[in-house]
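Hi there,

Here is the structure I promised to pass on.

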Amino acid sequence: MAKIQTKNKDAPLRHLAIIMDGNGRWAKAKGWPRLRGHQEGANRVIEIAQACKKLNIPYLSLFAFSTENWQRPAGEVNGLFKLLNEFVQKYLKTLHEDQVRLVISGQLEALPTLTQTLLKDAINATASYQRYTLNICVNYGGQDEIVRAAKKAMHAIQNGVIHEVDLTSKTFHQFLDSAVLPPIDCMVRTSGELRISNFMLYQLAYAELIFVSLYWPDFKEESLFKVLKQYAERKRRFGQV
Ligand code: IPE
Ligand code: IPE
Ligand code: MG
């Protein structure tokens with residue numbers, strides 16, 4: 001399939017990022033517990049990742065759990081990590097078959113031990129794949145990522161690894177969790193909410209934003225195609241005329 005470009009024929013879409021929102025409302029509308037929505041949402045993750053591969057989109061970032069989501073009831077939080085464990089166990093084979101490198105943004109240390117082990121093993125096992133990267137944002141906050149990156153940059157300066165004059169908005173990128181990913185070209189949020197909710201604040205600088213009213217469990221391959229048609233109608237300018 002041809003690469004996806006915007007109207008002014010800029011570089012092809014490399015990095016798609018999605019705020020997967022609306023699982024709870026999807027379930028509620030059907031009279032089901034919220035966790036059933038998360039379960040159905042997890043099924044969409046692999047479908048959309050595989051659709052991106054078909055579409056030649058090499059980098060996909062997905063917001064799975066925010067630094068603010070800890071404030072939810074313990075049952076929901078535990079259920080979400082159980083689902084994440086199951087997801088990694090179920091789809092590691094698929095990641096290998098599709099040659100997808102898994103990376104995680106966010107602080108792993110605060111996660112349940114089993115989740116940490118499963119994620120670290122999957123990251124190591126897929127580290128050599130270069131064509132496709134799936135970045136799952138877990139215990140992730142854009143502000144938290146920037147503050148941690150600033151501390152890493154400060155230590156690098158103190159240890160003489162980088163000179164202060166060489167620290168720019170370009171070189172700062174290497175200290176972010178998502179250092180291996182290019183800037184986001186297109187950001188999609190499902191569920192109708194019109195906000196960023198602390199997602200990839202640094203990487204979103206010139207991203208095209210697309211908001212859809214579908215709840216995440218209803219966001220299928222066809223919905224992604226529609227979104228990308230909208231993207232292809234945009235004209236990106238990056239501050240130029
Ligand atoms: C997104 O769905 C998944 C997570 C934030 C973990 P929500 O759980 O936020 O669902 P709504 O927005 O309450 O419907
Ligand atoms: C954003 O959704 C976080 C994830 C999708 C993981 P939220 O449901 O947590 O965001 P708000 O609270 O509606 O802003
Ligand atoms: Mg939500």
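**Ligand sites**

Ligand 2 sits in the largest pocket, where a pocket is an open set of points on a 1 Å grid over the protein atoms alone that takes a 1.4 Å probe and has protein on both sides within 12 Å along at least five of seven lines; sitting there means that more than half of the molecule's atoms lie within 2 Å of the grid points. Please note that this is a predicted model, with local features needing pLDDT of at least 70, side-chain atom pairs pLDDT 80 or more, and totals for chains, interfaces and linings using all residues. Residues are numbered from 1 along each chain, chains are lettered from A and ligands numbered from 1 as written, and side-chain values use heavy atoms without hydrogens or water.

Around ligand 2 (a heavy atom within 4 Å) are residues including F63, F65, N69 and R72. Its oxygen atoms have polar contacts (N or O pairs within 3.5 Å) with the side chains of R195 at 2.8 Å, D21 at 3.2 Å and R189 at 3.3 Å. The protein buries 78% of the 390 Å² that ligand 2 exposes alone (Shrake-Rupley, 1.4 Å probe).

Ligand 1 also sits in the largest pocket. Of the 13 residues surrounding ligand 1, D21, G24, R25, R34 and R72 are the closest. Oxygen atoms of ligand 1 lie 2.9 Å from a backbone N or O atom of G24 and 2.9 Å from a side-chain N or O atom of R34. The protein covers 87% of the 380 Å² that ligand 1 has on its own.

Best wishes

Conventions
A polar contact is a pair of N or O atoms within 3.5 Å; within protein, one must be able to donate a hydrogen and the other to accept it, and residues adjacent in sequence count only if both atoms are side-chain atoms. On a 1 Å grid over the protein atoms alone, a cavity is a set of points where a 1.4 Å probe fits but cannot get out, and a pocket is an open set with protein on both sides within 12 Å along at least five of seven lines; lining residues have an atom within 4 Å of a point.
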